[in-house]
Amino acid sequence: MRLISISLVLLLSCCATTLETVYVPAENTGWKQGYGVNKPGVTLIEYIPSNESIDNWSRIFTIQFLEGMRDSTSTTSQTLRSIMLTNCPNTKWDVIAEENSSVTYERATLGCKGGNEYEIARLLKGNDGIHRISYTAKNPISEAERNKWLKAFSEAYVEKGGHRVIVSP
């Protein structure tokens, strides 16, 4: 079983300094990289179903690293929620779980520019920044699919140099 974090590690391997990444125990069969960027302060990789394009996807899995972000995951979650509500007042946002160094939430944006989106996401605090992993669909997420991604996200963790990161207080 190949895990999705492999491609992010390859994308980050071009950097001179070892960066933190996030390990997500999710099967990547049937997915391909649709988009990726690695620039100062932001690393992003998006996976889409193998038979879709980045311009026309039904589901997307995203791993994002905000290098240098020092806010708590709670503050980051509140900031993202505010941005979403400003851009789409019909956004429904629910925090599922909150711990010292992570927040898991789901959101639904209905009737907004770009169409409906349903998302499950987790923010994880590392020592080098904030990591965001998300699964987004354009149609409502089934209970089985929701549970699969929630399980994978709950088992995700930040790593650096192949070792699990212990977040400094």
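Which elements each supply at least two residues of the lining of the largest pocket? I opened the notebook with that, on a model that is predicted.

**Entry 1, the chain.** I began with the overall layout. I counted 3 helices and 10 strands in the chain. From the N terminus on, I read the order as α-β-β-β-β-α-β-β-β-β-α-β-β. I then looked up burial and found that 44% of the 169 residues count as buried. For contacts between residues at least 6 apart in sequence, I noted that 49% join residues at least 24 apart.

I went back to the opening question. I found that strand 4, helix 2 (73-87), strand 6, strand 7 and strand 8 each supply at least two lining residues. Helix 2 gives the largest share, 4 residues. I put the space in this pocket at about 440 Å³. The lining has 22 residues, and I listed M84, R107, E117, E119 and R132 as the closest to the centre. Sorting the lining by class, I got 9 nonpolar, 7 polar and 6 charged residues.

I looked for elements that give two or more residues here and found strand 7 and strand 9 (157-160). Strand 7 gives the most, with 3 residues. By class I recorded 7 nonpolar, 3 polar and 4 charged residues in this lining.

I checked the length of helix 3 (residues 143-154) first. At 1.5 Å a residue, its 12 residues should span 16 Å, and I found the end C-alpha atoms 16 Å apart, which agrees. Next I asked which residues of helix 3 are buried. I listed E145, R146, W149, L150, A152 and F153. Seen down the axis of helix 3, these buried residues fall within an arc of 165 degrees, so I noted that they line one face of the helix. The general rule I had in mind is that an α-helix has 3.6 residues a turn, so residues three or four places apart point the same way. On the other side of helix 3, I found E143, A144 and S154 exposed.

I followed the buried residues of helix 3 to their partners. They pack against strand 2 (31-39), strand 4 (59-67), strand 5 (92-99), strand 6 (102-109), strand 7 (117-125) and strand 8 (129-137).

Key
Residues numbered from 1 in each chain as written. Predicted model: local features only at pLDDT ≥ 70, side-chain atom pairs only at ≥ 80, totals over all residues. Heavy atoms only, no water. Expected span 1.5 Å × (residues − 1). Buried < 20%, exposed > 50% of the residue type's maximum accessible area, 1.4 Å probe, protein only. Arc of directions from axis to C-beta. Contact = heavy atoms within 4.5 Å. 1 Å grid on protein atoms, 1.4 Å probe; cavity = no way out; pocket = protein on both sides within 12 Å on 5 of 7 lines; lining within 4 Å. Points joined across faces, edges and corners; volume = space filled by probe spheres on them. Nonpolar A, V, L, I, M, F, W, Y, C, P; charged D, E, K, R; others polar.
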